[in-house]
Amino acid sequence: AWVVSGRFFASPSRPSGTELEHAFTNNVLLSAAFLRRTGLRFDLRLGLTGGEDTHFFRRFRAAGGRIVWADDAVVEDAVPAERATARWLIRRHVRTGMSTAWIERDLHGGLRAWPRMAARAVAWLPLGVGLYAAGLVAGPAMRVRARCWLGWSRGLAMGLLGRSYQEYLKER
C-alpha cells in the first residue's frame with residue numbers, strides 16, 4: 001500500500017508538446033538521421049551501473065536534440081515484486097546519486113563538477129531528515145521517500161569520490 005500511495009513507480013502526466021530536459025529509454029522515438037549526424041551512442045561504461053539513458057540524453061540535448069512529451073503514448077511498466085521494497089528503492093537512489101556524480105564529472109571535466117555536486121549532496125541532507133520527521137506522522141511512504149533522498153545524497157558524495165555500484169550486474 002505504501003508503494004502505491006507514495007507513487008514510487010507512477011508515470012508522470014504532462015501536456016503533449018511539453019519540452020523536457022531528460023528522457024528515459026522505456027518509451028522513446030529518436031531520429032536515426034540525428035543520431036547518424038551527431039554520432040551519439042550510449043556510453044557502454046555505464047552498462048552495469050545504470051545512468052546511460054541520463055548521460056545519453058544530456059549529450060543529446062547538448063547536440064541540439066529536443067525531447068518532447070507525448071501524453072497519449074501509452075507505457076505499461078511492469079514492476080517486479082523484488083523492486084517494490086524500501087531496500088531496493090533506497091539502493092536505487094544511492095546508485096542514481098553515484099551515476100549523477102559520474103555523469104557530471106564526465107560532462108564537465110572532473111573537479112569542476114565537485115563544488116556543485118557537493119553542495120547538492122549537502123543540501124539534500126536536511127531535506128531528507130525533515131521529510132523523515134514528517135513521515136513519522138504521515139506514514140511509511142513519506143519515510144521511504146525521505147530515506148531515498150538521503151540515499152541520493154549519499155550516492156552523490158560516493159560518486160564524487162569515484163565509487164560506483166553495478167546495479168545491473170545482479171540482474172544478468
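Buried means under 20% relative accessible area, exposed means over 50%, and partly exposed is in between, with a 1.4 Å probe and protein chains only. Keep that in mind for the residues that follow.

A word on the source. This is a predicted model, so to speak of local features we need pLDDT of at least 70, side-chain atom pairs count only at pLDDT 80 or more, and totals for chains, interfaces and linings use all residues. Residues are numbered from 1 along each chain as its sequence is written, and side-chain values use heavy atoms, with hydrogens and water left out.

Let's start with the rings. A pair of aromatic rings is described by the distance of the centres and the angle of the planes. Rings of Phe, Tyr and Trp (for Trp, the six-membered ring) pair if their centres lie within 6.5 Å; planes under 30 degrees apart are stacked, over 60 edge-to-face, and the rest tilted. There are nine aromatic pairs in the structure.

Take Phe42 and Phe56. Their ring centres are 4.5 Å apart and their planes are at 25°, so this pair is stacked.

Is Phe56 buried or exposed? Phe56 is buried, at 2% relative accessibility. Phe42 is partly exposed, at 37%.

Next, Phe56 with Phe60. Centres 6.1 Å apart, planes at 25°, so this pair is stacked too. Both residues lie in helix H3, four residues apart, about one turn of the helix. Phe60 is buried, with a relative accessible area of 6%. Which residues form the aromatic cluster? Phe34, Phe42, Phe56, Phe57 and Phe60.

The charged end of Arg14 sits over the ring of Trp69, 4.8 Å from its centre. The cut-offs: NZ of Lys or CZ of Arg within 6 Å of the ring centre and within 35 degrees of the ring normal.

Now the helices. Two packed helices are described by the angle between their axes and the distance between the axes. Axes are lines fitted to C-alpha atoms, for helices over the stretch in contact, and angles run from 0 to 180 degrees between N-to-C directions.

Helix H5 (residues 114–138) packs on helix H6 (residues 140–160) at about 160°, with axes 7 Å apart. That makes H5 roughly antiparallel to H6. The cut-offs are under 35 degrees for roughly parallel, over 145 for roughly antiparallel, 65 to 115 for roughly perpendicular, and oblique for the rest.

Helix H4 (residues 86–108) also packs with H5 at about 160°, with axes 10 Å apart. H4 and H5 are therefore roughly antiparallel to each other.

Last, two single residues. Val122 lies in helix H5 and is exposed, at 54% relative accessibility. Val122 and Ser153 are 31 residues apart in sequence, yet 6.9 Å apart in space, C-alpha to C-alpha.

Arg7 is in the loop between helix H1 (2–5) and strand E1 (19–20). Phi of Arg7 is near 55°, a positive value in a residue other than glycine. Arg7 is exposed, at 54%.

Technical notes:
Helices (H or I, at least four residues) and strands (E, at least two) are DSSP runs, numbered from the N terminus.
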